[in-house]
Protein chains: 2
Amino acid sequence: MSPKGEKRTVEQNLRSRRSEVEDVRSRIRSGEYDGPTADLARGHVQTNLVILPEDYAFDFLKFCVRNPKPCPVLEVTDAGSPEPPVMAPGADLRTDVPKYRVYEEGRLVDEPTDTEAYWRDDLVSFLIGCSFTFERALLDAGLRLAHVDQGRNVPMYVTGRECVPSGPFAGPMVVSMRPYLPEEIPLAVAISGRFPTMHGAPVHVGDPDSLGVKDIDYPEFGEPVEIAENQVPVFWACGVTPQAVAMGARPPLMITHSPGHMFVTDRFDTEYAA
Amino acid sequence: MSPKGEKRTVEQNLRSRRSEVEDVRSRIRSGEYDGPTADLARGHVQTNLVILPEDYAFDFLKFCVRNPKPCPVLEVTDAGSPEPPVMAPGADLRTDVPKYRVYEEGRLVDEPTDTEAYWRDDLVSFLIGCSFTFERALLDAGLRLAHVDQGRNVPMYVTGRECVPSGPFAGPMVVSMRPYLPEEIPLAVAISGRFPTMHGAPVHVGDPDSLGVKDIDYPEFGEPVEIAENQVPVFWACGVTPQAVAMGARPPLMITHSPGHMFVTDRFDTEYAA
């Protein structure tokens, strides 16, 4: 019930929640906020961002379709258009991410808070599902996130599993790791599995060696977390995979979000639950 | 246990089931079988097929990503390659579908059993999820399929819901309809919803008018089925959508499967359950 006692329709409720997310993006766009996004606009889908020249776009999209666990594509823009019409109509991908990374020939050259200086008419943007959606669902189900409890970034590892290549895009799958007790594992699998376009269920439970992880204490990305004696490492396909692979293709220009600084969309996590 | 009493590994079991599906494709390839595929290789994913010139491939793939309910893309080939490396390594999409349709400028010109006469080095093939997967799951859950009981093709309707366009690809969503009793609807929704890459949960339950269906008795594709007094029409996004939209773009050449004559893949339905 609104203050005046009128009933609000579902559509009105959704509109009101959408305007909250527009406020968040507007604060980011103006430069008022340039921090990590994990705690913003709870309930809204956040995504990884990869921006590439049109010449690379089809091969990259084909790579993602061939490797949907690490690379679940939620949206692709028209070349030159910074607006994602499905996930956030009216948003501007040139400015609405708090922090970007700019790569030239695969080399990091800048970490700006907007990309207008780099924008070109042939750029295509890809929004890729992110683990925040299933992490929130795990927390809601009463499970812990060890990296959050320990105040660290989630540890990520390069595996021995090669992705199915596409044109210049090739390389191993990268995974994120969260440790759980044996009795927690079925719930962690079931809950994350409900979100197939946000990396879905884990790809591997236990034994890091047989996944090709080099050293569980030295993740290639993020930070190590402590695994208790009675915990098992559980590995999920990770959105760093498409970024690492795109970097390896050494395109003349690639723009991504900066780790943890995601794109906040209009869509709700629950819309993506299977 | 095998006849000799040895234990077979999961991998050996999978290999043995895969060789069954290779036999099916081999009989289709040789021309020995050119009928509908619904009852073949039970448990294996079957897909819709759309083949387009490379010039149209990125816009079409972008269309599919923007409209994942009617157009869940499971695989995209390299230009000129007839092999789908993820869904059926070693298969040949030029010959392994029992019956094809060939369109020139959006007009049906041929319905051959192989496409070698039309093949070009710039053709890209798209495998798109098909309702057979969730229909089998509905049957396994004890639900009926009215069109099967009545010996008809599933009725399909053009709706008033416009897809999100991409380049020359634009048009309304097409839906398939299966009638259920009110008490069956929650199960039908839950079961089909487990297969988000095979059209997933319905898009609409009841009232055809508000979906923009013109006349429930006259489906635009397939055949009408009788809806009992106490049944409700339930509508699922349909894989005819991308075909209809691609036809509307009038590309110089487009090849698809013929209705009901799908591509049988190596992959298992259960691999795609969320």
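Two strands count as paired if DSSP finds at least two bridges between them. Strands themselves are DSSP runs (E, at least two residues), helices are DSSP runs too (H or I, at least four), and both are numbered from the N terminus. This is a predicted model, where local features need pLDDT of at least 70 and side-chain atom pairs count only at pLDDT 80 or more, while totals for chains, interfaces and linings use all residues. As for bookkeeping, residues are numbered from 1 along each chain as its sequence is written, chains are lettered from A and ligands numbered from 1 in the order in which they are written, and side-chain values use heavy atoms, with hydrogens and water left out.

Let's start with chain A, where four strands make an open sheet in the order β6-β7-β9-β8, with antiparallel pairing. At the edges sit β6 (156-162) and β8 (204-205) of chain A, each pairing on one side only. Inside that order, β7 (residues 172-180) and β9 (residues 232-237) of chain A run antiparallel and share six bridges; A:M177, for instance, has A:F235 in β9(A) as its bridge partner. Helix α5 (residues 185-193) of chain A packs on this sheet and touches β7, β8 and β9 of chain A (contact means heavy atoms within 4.5 Å). The direction of α5(A) makes about 10 degrees with that of β9(A); axes here are lines fitted to C-alpha atoms, for helices over the stretch in contact, and angles run from 0 to 180 degrees between N-to-C directions.

Chain B has an open sheet of four strands as well, ordered β6-β7-β9-β8 with antiparallel pairing. Its edge strands are β6 (156-162) and β8 (204-205) of chain B. Six bridges tie β7(B) to β9(B), and B:M177 pairs up with B:F235 in β9(B).

What does the covering? Just after α3(B), B:G142 takes a positive phi of about 90 degrees.

## The end of β11 in chain B

B:F268 belongs to strand β11 (residues 263-268) of chain B. Why is B:F268 classed as buried? Because its relative accessibility is 4%. Leaving aside neighbours within four places in sequence, B:F268 is in contact with B:L14, B:R17, B:R18, B:G43, B:H44 and B:V45.

## Where the chains meet

Chains A and B bury about 1600 Å² between them, 70% of it on carbon and sulfur atoms. That area is the accessible area (1.4 Å probe) lost when two parts are put together, summed over both. Each side brings residues to the contact: 19 from chain A and 19 from chain B. A:F58, A:V65 and A:R66 supply 37% of the area that chain A buries against chain B, more than any other three residues.

Four salt bridges cross this interface (a side-chain nitrogen of Lys or Arg within 4 Å of a carboxyl oxygen of Asp or Glu). One of them links B:R66 to A:D78, with the closest N and O atoms 3.3 Å apart. On chain A's side, α2 (54-66) and β2 (73-76) are the elements giving two or more residues, and α2(A) has the largest share, six residues.

Methods:
Buried means under 20% relative accessible area, exposed over 50%, partly exposed in between (1.4 Å probe, protein chains only).
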